[in-house]
Amino acid sequence: MKKEVWLKKILIFLLGLSALFSSLSGFAVQYYESVLPDTIHVTSGEIQTFDLDLPLTATIQSVNDDDTSMVVSLGQTVRLLARSLTEYQMECRLLGIFPVKTVSLKVVDSTYVIPGGIPVGIYMETDGVMVVDVTEVETNGGTVCPAEYVLQEGDYILAVDGKSVDDKTDIVDQVAQSDGDSLVLTINRNYQVFDAKVTPVRSKEGEYQLGIWIRDNAQGIGTLTYMDELGNFGALGHGIHDSDTGEIIHLKQDSLYETEILAIQKGESGSPGELTGVIEYREDQQLGNIYLNSEYGIFGSCNLSLRSEMLKWEPVQVGYPEEAKTGYAQIICTVDGERSYYDTEITAIHSDAANQSKALEITVTDPELLEITGGIVQGLSGSPIIQNDKIIGAVTHVFVNDPTRGYGIFISTMLEQ
């Protein structure tokens, strides 16, 4: 009888131990799955070194050849050499038993771009006229809001009564000539185009109005990040949003221009600084055309003038996210009239960040740059980040409460655009 009781206790203990082990291994699997990248890039013909420092084993196998495989320990330094442009899968397991994640190993050719670091003036015309706000109109009969329930912040008015509008003056003129008759507006809302009817009202001043604030362009100063071998550029590392609505601006006709930095307002805690300059919107000052305004930067083609300027500098190899390390790096920017390299430090890497324009955290350490700007200021967005002789990313944002610190985006994310 006593023997049976002891056997029962041992069995309960073993079952509890097994449950505890399964629970702990489940947590471990979830953690290691989160820290493993989805993709690792291997440059063809080069020995790639990876120090993942994870207690996992991995089976590497060609996607196109099921008979060839190798097993490596991710707790040790892994060195890979690939000579053909193909794709591999790396099946990672905990204790060689529990599946954790399958990572894609992509073999790619070396990619080179010319880092920028020079300031550019940006002029953007919206595709249609943006509605910034819907407001009330004071009339002799009281206060009314004619566009309420018809228009909303972030809408783009493309046409009035079937006639395309190029700028806000077109809308103002057609409303003034309406004599209070209803107008049919063609609206782009979140890329859905539809028609809606709205009736202008006469204000106390005797003018017909729709009760909306509108905008048809945006301009500013940023930093060019790179030019590729085809003469295409990327800049800023983040999109250009309307200052009132927060919506990313839909492009129509947009250009880069030369700019001259006139002054620098140093950044302070709670007050980000900025580069102040002058932009002359003349044809002979144009540097290129913008064809995309995305969440991860503005992109376009360089004209001959900008290409000639960029070709003064040597191309730099593109580094992929898994090559970025915490520690010493440099940023390239122009704050004293000369394009220069300034010391910085990558303090954190967030490869899985929901907002990829904040995938890197950096701290400016260069005494000269700190003296001139106080750290990262508005206008330095797009400054290339260089580490181990490769372009890793670009500066995107500043920490408002600490201008020596900021965020960056991986250059591979920009190139994917």
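At 39% relative accessibility, Y281 is partly exposed, a class that lies between buried (under 20% relative accessible area) and exposed (over 50%), with a 1.4 Å probe and protein chains only. The model is predicted: local features need pLDDT of at least 70, side-chain atom pairs count only at pLDDT 80 or more, and totals for chains, interfaces and linings use all residues. Residues are numbered from 1 along each chain as its sequence is written, and side-chain values use heavy atoms, without hydrogens and water.

Rings of Phe, Tyr and Trp (its six-membered ring) pair if their centres lie within 6.5 Å; planes under 30 degrees apart are stacked, over 60 edge-to-face and the rest tilted.

| Pair | Centre to centre | Angle between planes | Geometry |
|---|---|---|---|
| Y123 and Y281 | 5.2 Å | 55° | tilted |
| F399 and Y407 | 4.8 Å | 45° | tilted |

Y123 belongs to strand β9 (residues 119–134) and Y281 to the loop between β22 (274–279) and β23 (286–294), 158 residues apart; strands are DSSP runs (E, at least two residues), numbered from the N terminus. Y123, Y257 and Y281 form one aromatic cluster. F399 is buried, at 16% relative accessibility.

E87 lies in strand β6 (residues 87–94) and is partly exposed, with a relative accessible area of 31%. Leaving aside residues up to four places away in sequence, E87 touches S62, V63, S104, L105 and K106, where contact means heavy atoms within 4.5 Å. The C-alpha atoms of E87 and V108 are separated by 9.0 Å.

Conventions: Helix = DSSP H or I, 4+ residues; strand = E, 2+ residues; numbered from the N terminus.
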